[in-house]
Structures are given as C-alpha cells and as structure tokens.
Amino acid sequence: MPTDIALPSDQTRPAPPPLLPRVGMVALRVLTPVCSVLALWYLAIWFSSLPAFVIPRPERVLDVLWVDRAFIFVNLLATLKVATIGFLWANIAGIGLAILFDLLPPTRHMLMPAAITLRNVPYIAMISVLMLAFGDSILSKTAIVALSGFFPVLVNTMAGLRAADEVQLDRMRILNASWWQTFSQVRLPYAIPSIVAAQEITGSSSIIVAIAAEWMISSTGLGYVINHAMQNYRGDQVYAVALIATGLSFVIYSLVHALGGRLDWRVAGEQRRG
Amino acid sequence: MAAAISIRNVSRRFGDNWALRPVDLEIAAGELIALVGPSGCGKTTMLRIVADLQEPTTGEVRIGADSASEARRKRLLGLVSQRPAVLPWKRAIDDVRFTQKIAGRVGFDPATVLREFGLEGHETKRARELSGGMLQRVNIASAMAHDPSVLLMDEPFAALDEMKREEIGEWFDRELATRPKTVLFVTHHIDEAVMLADRLLVFSPAPGRVLEVVSVPVPRPRDAAFRQDPRFVAIAAHVRSLLAQQVEAA
Ligand SMILES: Nc1ncnc2c1ncn2[C@@H]1O[C@H](COP(=O)(O)OP(=O)(O)OP(=O)(O)O)[C@@H](O)[C@H]1O
Ligand SMILES: [Mg+2]
C-alpha cells in the first residue's frame, strides 16, 4: 500500500515548538492539578479537625506507598490482571455481539433484552451470585468486570456500525462487494471513533469495578488492601491505594485516548491539516 | 464494452405517493441518455432502479441479456452518486484503486485518470483536503475506475464551475469514444444535456412522467463549436419551453 509515501500535506504542518518550552508545557499541565489537589488536601486537614487515620497528611501517604511497596505492588498486579482480562472480555462480548446483531438481525431481538437486563441488575447482587457460584476466583472477578463494561462497548459499536454514509454503502453494493469487504473497509472504519469512545469509559471503569469486586469477595488485589487497612484502622493505607487506583485509571484513560486518536481517521485528518 | 438497456413499464411508489410513473425506453449500446426535469420528479429513483439499488413497483430493467441484479453482480455497472462517495480516510488515488480492488478489475491507470481530471498534484490528498469540485472529480474517477459497461451518473458535474464543467464534459465525451459505455446521465443543466446526450428524457414535475424523448441527431463526440450550431440552439430552446410549460401548468 502506498499509504506511507511522503505526504505533501506534511509541509503544511506547523514546525513543532522548541523542545524546552514543550517540556515546560507538559510539566505545567501535570503540576497544576497536582498542586491544586495537594492544596485542597492540606486545607481539609487544617479546617476539619478529623484525626490522622481519617485524613492523613500527603507525606504520610507517600511514606506508606514506599514502606509497603512490596505488599501494594503484588496486589496492584492482581488488580491489573483482573481488570485487563475483564476489559478484554467486555470488548470481545460487546464488539462480538454488535457484529452478530448486524449479521443476523433476529439475534438482536433475542439477545438485546437480556443485555439490557444484565445492565440493570445491581452489580453488588451480581458479585454475590458469582461469589456463590465460583468463590474467590479470577473467573468471578473478571466476569463482573466484563459484565459491567460490555454494555457501553456494545451500544457504541452498534451506533458506529450505522454511521457509514448511505452513498458509500451504495457504492459497495454497485461493486457487488461481499459483506466482509463492506464491513471491514467501510463500516468498521466509520465505527472506530465510537468504539474508541466506549474504551475510554470501559477502560477506566474496569479498574474501579475490579477493586470493588476484590473489596467484596477477594483476598488479593487493591480492593483487598483497602479491606485489610480498614480492619486495622490504617486510613493512610486506604489513601495510598486510592492514590494508586486514581493514577492508574488516569493512565489507562490517557493511553486509550492516545491510542484511539491514532486509529481515528477524523483526528488523523485534522492533525494533518495543521 | 457497452450494453443495451431496456426499461419496460418501470414505475415506483413510496407508500401512497408515486415517485415515478411507468417509463418505457429502449437504449442502444453506447447511447448517452440525459434525464432532465424538475427536482423531485424521480430521476434519482429511476437511476437507482437501473442500478438494482431499489426495486421497481412495476416493470423490469434488462441490461444486455441480464436483469439489473445480474448486471450488478457481474460488476457491469458504475454509479456516480449525487453526493460524493469517496472514503474520507483514503487518499484520492487510493480511493480510485479501492474501486478496482473491490470490482476485481482495473479499468485504467488511476494516476492517468486523475491527471485527466485535472487533479495532478492532488493525488495524495484526502476528501477533507479537496475542494467540492475536486472531490466530485475524484468521485467520478472512482466510479468509473473498473471500466463498467453501464454508467449511471446523478448530477455528476453539479459541483464544478462552468468552465471546468464544460472542460470535463468534453473530456468525458472523448473518453466515451475510446471506451464506449451506455450512460444514464441526470442533470439540471439543459445545455450540458444537449451537448452530451444522444437523447434527452424530459420529465414532468412530481410524480414524474416522461413528457417527451428529444433526440440530438449529431454524432458524438461533439466539440465546443456545437454550442453555436443552430440545431443545438433549437433543441435547447425546445427543451426549455417543455419544462417551462410544466412549471406554468403546476
Ligand atoms: N426512500 C424514499 N422514501 C420515500 N420517498 C422517496 C424516497 N426516495 C425518493 N422519494 C420521493 O420520490 C420522489 C422522487 O425523488 P427523487 O430523488 O427520485 O427525485 P429527483 O428527480 O432525483 O430530484 P432531485 O433533482 O432533487 O435530485 C420525491 O418526491 C421523493 O420525496
Ligand atoms: Mg436526485
């Protein structure tokens, strides 16, 4: 494919700003939120007279992160594993069902009500049932992550697959394109922006749901660390986990966003315009 | 290779409304038929029926020995849609190649045809980087890239300025002389229709009915001088008066 030949439009792209100001901009964008969070945190400590195990000082939380790093890291890995597997399942189920509904419309009438029902069962009830069925296993935890995440993927993929312009579908029909050609060359590219948008939701919620499941039923993972800390009046440890989990959700969101931007032909075109 | 088209008693109704009242027409291989008529009279509907994108309510279309659907499945048809169907993430030249890949047939060299369409230097641009007129030219190039024997064109030159329109029209006429095709050509531009067509199908306002089939008995391709020809002037005036009477009657 001659798609990577030199782009004439590249010439119109503005020269990147010099390195130092760019680093400065990134630093500024990271530092401002960090500073404001810290400021609020200290203000809360000073103006509320809550004890340190309810609101520990930030430096105390950092200290815990360092001292308990081995314990936290092992459990962080456990959570990441649950979240990642669940996230993958959510995507396989969500995108897979959307394609199935498209290929065999009757399946949509059969399965969509079930999907909506699953969506509306309180997660706590679902976790409890899964716990009864499978105990504290990777299966029950990843299942709950997948169940909570597949719906946005399904709905967005379905909408995305309908986004192709009618004239483009006519073009494929007049060329007697196969279902697969029309799907892979026209409809899927049109659906990519919606699918990416769904990943931003499902990606960061995977971490949160994984932690909640561990908190309820597990003896591993960040959720378990919170549980353990509460039993020992270790508010500082809870904060440490919260900090890690928030950071993680943020990193996942940014990663999905950046990767998604690369896949999104609309964004790609705009950047090229300069 | 061009194919003869036979339109027999073809009509179309949407719900209770007739979009097109029965049309009968025999089109010889290599003929260019212009469809002219007021907005909403069923021109696009007629094209889509021949393209097998829509079922007729009555009647049938034969393309050579085939039904419309068989012709479509043999990839004998090319369609220039009223709005461009260029894929927004493809570069112009890749969009032309895309047609050839899907059709499994290379009509002509994509770079050459883009050059002939005045798109030299714009081959690697994407839809959003092209002007409306340029985009419509890519659209036409992509629609005929697999060298179909029947070309269905829905106001193909509407987005072009007057000069470019005449230029491309003449190029198109010469192109048809080397690679004959049977063409159904929808246009609102009466001079363009008389310049390019062997026959004009003049429609009444909605619900569309064929008022008259007007012949232009001058061999194609025709050069720019034909615009000054008394026959050109007389035919264009006749078509105008046909359409004007209809507007008055409505
Ligand atoms: N899918 C559809 N459903 C219902 N009505 C339709 C549909 N397609 C076309 N029509 C109606 O059929 C009539 C003819 O439409 P058509 O698009 O063929 O007109 P046209 O001659 O191409 O007009 P224009 O010059 O504005 O493109 C119109 O009244 C239109 O509203
Ligand atoms: Mg139309």
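Buried area is the accessible area, taken with a 1.4 Å probe, that two parts lose on being put together, summed over both. In the predicted model described here, the area buried between chain A and chain B is about 2900 Å², and carbon and sulfur atoms account for 55% of that area. The model scores ipTM 0.91 and pTM 0.81. For chain B, the mean pLDDT is 92, with 98% of residues reaching 70 or more.

The interface between the chains brings 28 residues of chain A into contact with 32 residues of chain B. On the side of chain A, A:Arg171, A:Ile174 and A:Leu175 supply 26% of the area buried against chain B, more than any other three residues. Three salt bridges are found across the interface of chain A and chain B. In one salt bridge, the side chain of A:Asp170 meets that of B:Arg48, with an N to O distance of 2.5 Å. Ten residue pairs in polar contact, both residues at pLDDT 80 or more, are counted between chain A and chain B. Helix H7 (166-174), helix H8 (179-217) and helix H11 (265-273) of chain A each contribute at least two residues to the side that touches chain B. Of the elements of chain A, H7(A) gives the most to this side, with seven residues. By class, the residues of chain A that touch chain B comprise 13 nonpolar, seven polar and eight charged.

Each chain is also divided into domains. Chain A has domain 1 (18-49) and domain 2 (67-273), whose C-alpha centres lie 30 Å apart. In chain B, the assignment gives domain 1 (1-54 + 150-250) and domain 2 (77-148), and the C-alpha centres of these two domains are 23 Å apart.

Within chain B, 21 residues of domain 1 are in contact with 20 residues of domain 2. The two domains of chain B bury about 1800 Å² between them, 63% of it on carbon and sulfur atoms. B:Val150, B:Trp171 and B:Arg179 supply 26% of the area that domain 1 of chain B buries against domain 2 of chain B, more than any other three residues. One salt bridge is found across this domain interface; B:Lys181 forms a salt bridge with B:Asp147, the closest N and O atoms being 2.3 Å apart. Eleven residue pairs in polar contact, both residues at pLDDT 80 or more, are found across the interface of domain 1 and domain 2 of chain B. Helix H1 (43-50), strand S7 (150-154) and helix H6 (162-178) of chain B each supply at least two residues of the side of domain 1 that touches domain 2. That side of domain 1 of chain B has 14 nonpolar, one polar and six charged residues.

Key
Residues are numbered from 1 along each chain as its sequence is written. Chains are lettered from A and ligands numbered from 1 in the order in which they are written. Side-chain values use heavy atoms; hydrogens and water are left out. Domain bounds come from an automatic or database domain assignment. Contact means heavy atoms within 4.5 Å. A salt bridge is a side-chain nitrogen of Lys or Arg within 4 Å of a carboxyl oxygen of Asp or Glu. A polar contact is a pair of N or O atoms within 3.5 Å; within protein, one must be able to donate a hydrogen and the other to accept it, and residues adjacent in sequence count only if both atoms are side-chain atoms. Helices (H or I, at least four residues) and strands (E, at least two) are DSSP runs, numbered from the N terminus. Ala, Val, Leu, Ile, Met, Phe, Trp, Tyr, Cys and Pro count as nonpolar, Asp, Glu, Lys and Arg as charged, and the others, Gly among them, as polar. pLDDT is the predictor's confidence in each residue, from 0 to 100.
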